Amino acid sequence: MKTAAIIAEYNPFHNGHKYQLEETKRQTGADFIVVVMSGDFVQRGIPAMYSKTFRTRSALLSGADLVIEMPIFGTLSAAQDFARCGVSLFHHMGMIDILSFGSESGNIEELWQLADHSTLETNEQSALIREGLRNGLTYPQALTLAKKETVPASPNDILAVEYLKALKEFSSEISPWTLKRSDPGYHSEDRNGSFASATAIRKAVFSQDLEFLAAVLPDSHFECMKEESEVPLFPNDFSLLLNQKILTSDLEKLQNIFGMPGDLAAKLYKNRLEFFRTDTLTALRKDRQYTYARVSRALMNLMLDISVEDQCMFADLFRAPWIRILGFKRSSSLLLSELKRHCDIPVIAKTADAKNILSSSAYELFKKNLTASELTRMVRELKSGKSQKNEFTQAPVMIP
C-alpha cells in the first residue's frame with residue numbers, strides 16, 4: 001500500500017488542485033491520498049472563503065481519500081512553521097510514503113539546492129544584513145530581507161523549500177515529489193484555459209464573475225455549493241470582531257499575541273479608538289518591515305486570542321497534538337485502519353471525544369481551535385441568515 005500526502009488550503013478548491021490530486025496518484029502510483037487542510041483560517045492571515053466541510057467535500061469528490069484539519073496554530077504561522085506543522089502531522093501518522101506539492105519549476109533537485117542554499121549566509125547576504133542593521137532593522141528583519149533579495153522564489157517555491165527543510169529536520173522517510181504548476185502564477189489574475197490562480201479565483205468570487213468561475217472550478221465545487229448552501233466569507237466580514245478585540249485589549253496583552261511585533265502592538269493600542277475595516281487596518285499597519293501577510297496573521301491571532309504561550313505549547317507538542325478527521329471515502333476504509341494502527345498521536349473523529357483522549361495542554365489548544373471555528377460559523381450564519389451545524393454536531397464528511 002502506497003500513500004501520498006498533500007498540504008493544502010483549497011481557498012477555494014479549483015481545477016489546479018484537482019489536477020494535482022489526479023497527477024499525484026497517476027505519476028507516483030499511490031493507492032491513497034491524504035490531505036492536511038487549513039481549517040477556518042489560512043496561512044495568508046485571512047478567513048477561508050468556504051467552510052472546511054465544503055472544501056473537504058470538494059477534495060473528496062475530486063480524488064482525495066482522507067482529509068484532516070491543520071490546527072489553527074499551524075495555519076496562522078509563517079511559511080516555515082506552517083510547513084513544519086503539516087510535515088509533523090504526516091510524520092506522526094506513520095503511514096505516509098510520499099509528500100506531493102506544487103512548484104514553479106517542477107524540479108525536485110533544484111528545490112533541494114534552493115533549500116540547502118537558504119540555510120547558508122553568503123557574503124552578499126552578510127553585506128545586505130549589515131546595511132539593514134545600519135538602517136535600524138533588527139537582525140531577524142535584516143536577515144529576512146537579505147534572503148528575499150538573494151534567494152528569489154515564488155510563494156509556492158518558498159513553501160516547497162520549507163517542506164523539504166521540514167522533512168530533513170524530522171529525518172523523515174517520506175519522499176518528496178513535486179508537480180509543475182499549471183496556472184499563470186501565484187498572484188496572476190489571468191486564466192490559462194481551465195486553470196487560474198487562487199488569487200484570481202477569489203477576486204472572481206467576490207465580483208461574482210460566474211463565467212470565469214465556471215471555467216476554472218471543477219464540477220464538485222458547484223455540487224458542494226448546492227449541498228452546503230453557504231456564502232463566501234472575506235476579511236471585512238470580521239471587522240467588528242477585530243475592532244472589539246483591539247478596543248478591549250491593553251498594551252501588555254497586545255504585545256503577548258503570537259506573531260505581533262512590539263511596534264505594531266504599540267500602534268494598535270495608540271489608535272484603538274479609530275475603527276477600520278479589516279483590509280484598511282491591515283494596509284495601514286503594513287510597512288517595509290512587515291509584509292501584508294504577517295500583519296494579517298498578527299491581527300487574526302489577536303482576534304482569536306492566540307498568545308505566545310499557546311504557540312510555545314503547540315511547539316512543545318511537535319506541532320502535531322492531534323489528528324482531526326474532517327472527511328473520508330468509505331471505499332478507503334483500509335486507509336483508516338492503517339492510520340489507527342500506525343499513528344502515535346490521538347486521532348479525533350468525534351469532537352466530543354477530544355476531552356477524554358487529549359492531554360490537558362493539548363485540550364486547552366483544542367478548545368481554542370474550536371473557538372476559531374465557532375466564531376467563523378457565527379459570522380457565516382449572521383451573513384447568510386442560515387443556521388449551520390456546530391463543531392459538536394457536524395460529523396466528518398463521508399462519500400462512497
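Pro12 sits in the loop that runs between strand S1 (3-8) and helix H1 (15-28). The peptide bond joining Asn11 to Pro12 is cis, with omega at about -5 degrees. Keep in mind that you're looking at a predicted model. Here's the rest, by topic.

- Ser171 isn't a glycine, yet its phi is positive, at about 50 degrees.
- You'll find Ser171 in the loop between helix H8 (155-169) and strand S5 (175-180).
- Ser171 has 61% relative accessibility, and the cut-off for exposed is over 50%, so Ser171 counts as exposed.
- Phe318 is another non-glycine residue with a positive phi, this one about 60 degrees.
- Phe318 counts as exposed because its relative accessible area is 54%.

**Overall fold**
- The chain has 20 helices and 10 strands.
- A compact globule of 400 residues would have a radius of gyration near 21 Å, and the chain agrees, because its own value is 21 Å.
- Along the principal axes, the C-alpha atoms fill a box of roughly 60 × 50 × 50 Å.
- Take the contacts in the chain with a separation of 6 or more: 76% of them are between residues 24 or more positions apart.

**Surface and charge**
- Buried residues make up 54% of the 400 in the chain.

Conventions:
Residues are numbered from 1 along each chain as its sequence is written. This is a predicted model: local features need pLDDT of at least 70, side-chain atom pairs count only at pLDDT 80 or more; totals for chains, interfaces and linings use all residues. Side-chain values use heavy atoms; hydrogens and water are left out. Helices (H or I, at least four residues) and strands (E, at least two) are DSSP runs, numbered from the N terminus. The radius of gyration is taken over C-alpha atoms; the globule rule is 2.2 Å times the number of residues to the power 0.38. Buried means under 20% relative accessible area, exposed over 50%, partly exposed in between (1.4 Å probe, protein chains only). Contact means heavy atoms within 4.5 Å.
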